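Let's take a walk through this model together, starting at the surface and then turning to its aromatic rings. Have the coordinates open as you read.

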Amino acid sequence: MVSSVHNHLFTFLSLTFLFLPSECIFQPPTFKPNNLVLPVRKDGATSLHVTSIQKRTPQTPVQFVVDLNGRFLWVNCEKNYLSTTYQAPLCHSTLCVRAGSDYCHTCLSSKARYGCHNNTCGLVALNPMTHQTAVGELAQDVLAIQSTRGSNPGPVAKVPDFLFACAPSTLLQKGLPRNVQGVAGIGHAPIALPIQLASHFGFRPNFGICLSSSTNNNGVIFFGEGPFSMLSGVQVSGPVGYTPLIITRQGEYYIQVTSVKINKKPLPINTTLLTTNKQGLGGTMISTTTPYTILEHSIYQTFTKFFTSQFPGVPRVQNVPPFSVCYDSKRLSSTRVGPRVPNIDLVFNNAAWTIFGANSMVQARPGVSCLAFVEGGLKQTRASIVIGAHQIEDNFLQFDLASSRLGFSSSLLLKRSNCGNFNFTTTHP
């Protein structure tokens, strides 16, 4: 009798085991890589930098504008959002507290849908180009991101409950590239990409950005410990200099520039503008959604006048707005790091970030090269200097959030490399 029961039990367990899905039987250990990577392409129409992130179930590639100072990732959920793993945390839950939401979201639609449920958390999403805002729903869904193996992508890692905001489609109507469905915020905030990835995978909250100047080759964003490598063998995890990273209450990244030099000569400016005051104005901010560096009015006037005085041998040509200092491209000789023009140094207490011709000049129209800095106007509403995307292209910037410092490489062109030198075409198992 006992033997018969054992036989029936053995048969039942065998059949149960046989018909279980394979992922239930052979459940692999959680994959926790030390380094992750996202591709970043430069949009030719807007000069903004766009990344593709795998989200949802089934996995779907979604295009996002990279916002260095964005507080979280938001995506339009009103159109073409389908996922079997979507969740919306309830209002006043611990997840809402983590996201910094104290607002209960109410959906005006009579029918629940993605991004539209009652008694959920609300987050204010921002279009960084138009500064338009809209209230969205805090949500959770799967996010997949590739790990790195040297200068190649490695296996895909997943965050099953990644927090983000579902924002209305009205935020996409102006300022952003076509096919973009949202904004990927990598600022210093509780549910920004770097913080969530570091928390989930257990590495230090570090990330590095390397934006390509070419629309044909992808740049990269690295997350994790490093080292990070390019195809040429250049390791970009060892910057040539470091400076303290100042993080505002809004999670924005500032650095303390003490002076600006052109041709090694200090720019005669009011240096009090280089320090953030009690009202939050002044100082130097880094931005990926500002195409070209913006200078406060008095700094801009002194900067352009001093630059032209240090470059007297080449006659100027008619300006191409928004630039006010332009030259005949044929009169500029070429170097490994772009046109031969006066170098610009952003000086810190113990280091200097040198901006060479490739980052200080821009081809504004055929045959015309212009100084790629623009005036911020008379009314100062933010930093005195906002370092734009053009100035950081083909430079590696390492944001060490744990130590509150910024590492910078200066131009990788000096090393015969560039930010489009990571091999995204071959994946290592």
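Valine 135 belongs to strand E7, residues 133-149; helices (H or I, at least four residues) and strands (E, at least two) are DSSP runs numbered from the N terminus.

Before going further, please note that this is a predicted model, in which local features need pLDDT of at least 70 and side-chain atom pairs count only at pLDDT 80 or more, while totals for chains, interfaces and linings use all residues. Residues are numbered from 1 along each chain as its sequence is written, and side-chain values use heavy atoms, with hydrogens and water left out.

Now let's turn to the rings. Rings of Phe, Tyr and Trp (its six-membered ring) pair if their centres lie within 6.5 Å, with planes under 30 degrees apart counted as stacked, over 60 as edge-to-face and the rest as tilted. By this rule there are 17 aromatic pairs. One of them joins tyrosine 81 and tyrosine 86 edge-to-face, at 5.7 Å centre to centre and 80° between the planes. Tyrosine 81 is buried at 4% relative accessible area, and tyrosine 86 also counts as buried, at 13%. Tyrosine 86 forms an edge-to-face pair with phenylalanine 164 as well, at 6.5 Å centre to centre and 75° between the planes. Because tyrosine 86 lies in the loop between strand E4 (73-76) and helix H3 (94-99), and phenylalanine 164 in strand E8 (residues 152-167), this pair ties together parts that are 78 residues apart in sequence.

Phenylalanine 164 is itself buried, with a relative accessible area of 0%. Ring pairs link Tyr81, Tyr86, Tyr114 and Phe164 into a cluster. The ring of phenylalanine 164 also has the charged end of lysine 55 over it, 3.6 Å from its centre; a charge sits over a ring if NZ of Lys or CZ of Arg is within 6 Å of the ring centre and within 35 degrees of the ring normal. Elsewhere, the charged end of arginine 405 sits over the ring of tyrosine 242, 3.8 Å from its centre.

Our last stop is proline 266, in strand E15 (residues 265-266). This proline counts as exposed, at 52% relative accessibility. Leaving aside residues up to four places away in sequence, proline 266 touches Val260, Lys261 and Phe306, where contact means heavy atoms within 4.5 Å.

Definitions and conventions. Buried < 20%, exposed > 50% of the residue type's maximum accessible area, 1.4 Å probe, protein only.
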